[in-house]
Amino acid sequence: MTILLSNDDGYDAPGLKALEQELSSLGRVVVVAPDREQSGAAHSLTLNHPLRVHQVDENCYRVEGTPTDCVNLAIFQLLKDDRPNLVVSGINRGYNLGDDVTYSGTVAAALEGVLLEIPSFAVSLNSRGAVDFGPAARVAGQVARLVLAQGLPRDTLLNINVPSGDPTEMRITRQGRRVYSEGVVERTDPQGRAYYWIGGTPPSWHPDPHSDFAAVERGEVSVTPLHLDLTNHRVLPEMRDWDLPFASGEPT
Ligand code: MN
């Protein structure tokens, strides 16, 4: 059994170390992770400069690239003779809830695993208050055992968010929706020019008891199945009536 670990907080992040330690009882654990923090990197792939890989020890590589680069490189190159049975990303310091998953490098690493047809999940932990990665690592270990035993539905990754403390309940949830409010902080540099910080204020969410956000608010571990198909299938029927300027015959 080979398990590939990555993250977006960097190869030496404590959340990754906790995960590595927890999963080591399940098989060979190989870390291929960015050499520095890549939070917010989303599903980006490095195409315009070479990717350098540094082997830290027998089962750890740091990559001068994004989380997606790491998983891609691991599967197609570093582990091409020992294809991973599972990809786990995290444990991220900070939640990846709702719409925020589209910015997340943590989730993107698991997304890349699924794209390359390996069961994958991402784990993120509340970063407010005292951060103890132990409970989230144990959750990851339990989910890893489950996924290795029974697999995951096709084209599906799990986005797991763990609240603070030692949660005892888990819930299958859906992706919540963020309320976008004033999130940009303006400052002035020494030359008098304005510059900005994005995301300075804590997020708020549309109320939905079935959402990931609501679950962690209740102190439950949230498990959201995500998939790669961004098509809005619900609107396809109504869009069939659209009078496209270059409509090509009967709709499919
Ligand atoms: Mn991060």
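Predicted model: local features only at pLDDT ≥ 70, side-chain atom pairs only at ≥ 80, totals over all residues.
Student: Asp-9 and Ser-39 link distant parts of the chain; how many residues apart are they?
Tutor: Asp-9 sits in the loop between strand 1 (2-6) and helix 1 (14-23). Ser-39 sits in the loop between strand 2 (28-34) and strand 3 (53-57). The separation is 30 residues.

Student: Is Asp-9 buried or exposed?
Tutor: Buried means under 20% relative accessible area. Asp-9 has a relative accessibility of 15%, so the residue counts as buried.

Student: Which element gives the largest share of the largest nonpolar core?
Tutor: This core has 31 residues, and Leu-5, Leu-23, Val-88, Phe-121 and Ile-160 touch the most other members. Elements giving two or more residues include strand 1, strand 5 (86-93) and helix 4 (133-150). The largest share is 8 residues, and the element is helix 4.

Student: Is Ile-198 buried or exposed?
Tutor: Ile-198 lies in strand 11 (residues 194-198). With Val-184 and Tyr-196, Ile-198 forms a nonpolar surface patch of about 370 Å² accessible area together. Exposed means over 50% relative accessible area. Ile-198 has 78%, so the residue is exposed.

Terms used
Residues numbered from 1 in each chain as written. Heavy atoms only, no water. Helix = DSSP H or I, 4+ residues; strand = E, 2+ residues; numbered from the N terminus. Buried < 20%, exposed > 50% of the residue type's maximum accessible area, 1.4 Å probe, protein only. Patch = residues over 30% accessible without salt bridge, like charges linked within 9 Å, V, L, I, M, F, W, Y side chains within 5 Å. Areas by Shrake-Rupley, 256 points an atom, 1.4 Å probe, with all protein chains shown as cover. Salt bridge = Lys/Arg side-chain N within 4 Å of Asp/Glu carboxyl O. Core = buried A, V, L, I, M, F, W, Y, C linked by side-chain atoms within 4.5 Å.
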